[in-house]
Amino acid sequence: MRLACAAALILLIAASSARAQPTNEQLAARCAELGTIFDRYGTRRSEGSGGPDMIRLGAGIDCQKGRYAQGIKALEDLLSRNRIPYPPASY
């Protein structure tokens, strides 16, 4: 009886930790969401603005190549530095 309870507990823990991991689709959507927010509110469009933001471009490349964690972190840092609010991750 005690062994069965321990096995059931282990299975429950393993199942809950497997659900806690976001999928690539969720991470790709998060990259796109954060990139869109920065593109809308953080891009300077005036003459002599200095060109594109290299951190934003690098984060976009990271996301395109499947390096979602790096891309998301760079975009969140960029948004925070520019004091642009963004929603928390929903996964």
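Modeller: Start with axes: they are lines fitted to C-alpha atoms, for helices over the stretch in contact, and angles run from 0 to 180 degrees between N-to-C directions. Helices are DSSP runs (H or I, at least four residues), numbered from the N terminus. Here the axes of H2 (residues 24-41) and H4 (residues 68-81) come within 9 Å and cross at roughly 25°. Angles under 35 degrees count as roughly parallel, so H2 is roughly parallel to H4.

Biologist: What should I know about the numbering and the model?

Modeller: Residues are numbered from 1 along each chain as its sequence is written. The model is predicted, with local features needing pLDDT of at least 70 and side-chain atom pairs pLDDT 80 or more, while totals for chains, interfaces and linings use all residues.

Biologist: Which residues of H2 meet H4?

Modeller: Contact means heavy atoms within 4.5 Å. From H2, the contacts include Leu27, Cys31, Leu34 and Phe38; from H4, they include Ile72, Leu75 and Leu79. By class, the contact has eleven nonpolar, two polar and two charged residues. Nonpolar covers Ala, Val, Leu, Ile, Met, Phe, Trp, Tyr, Cys and Pro; charged covers Asp, Glu, Lys and Arg; the others, Gly among them, are polar.

Biologist: Is arginine 30 buried or exposed?

Modeller: Buried means under 20% relative accessible area, with a 1.4 Å probe and protein chains only. Arginine 30 lies in H2 and counts as buried because its relative accessibility is 3%. Arginine 30 touches Ile72, Glu76, Tyr86, Pro87, Pro88, Ala89 and Tyr91, leaving aside residues up to four places away in sequence.

Biologist: And the whole chain?

Modeller: The protein chain has four helices and zero strands. Of its 91 residues, 22% count as buried.

Technical notes
Heavy atoms only, no water. Helix = DSSP H or I, 4+ residues; strand = E, 2+ residues; numbered from the N terminus. Parallel < 35°, antiparallel > 145°, perpendicular 65-115°, else oblique. Buried < 20%, exposed > 50% of the residue type's maximum accessible area, 1.4 Å probe, protein only.
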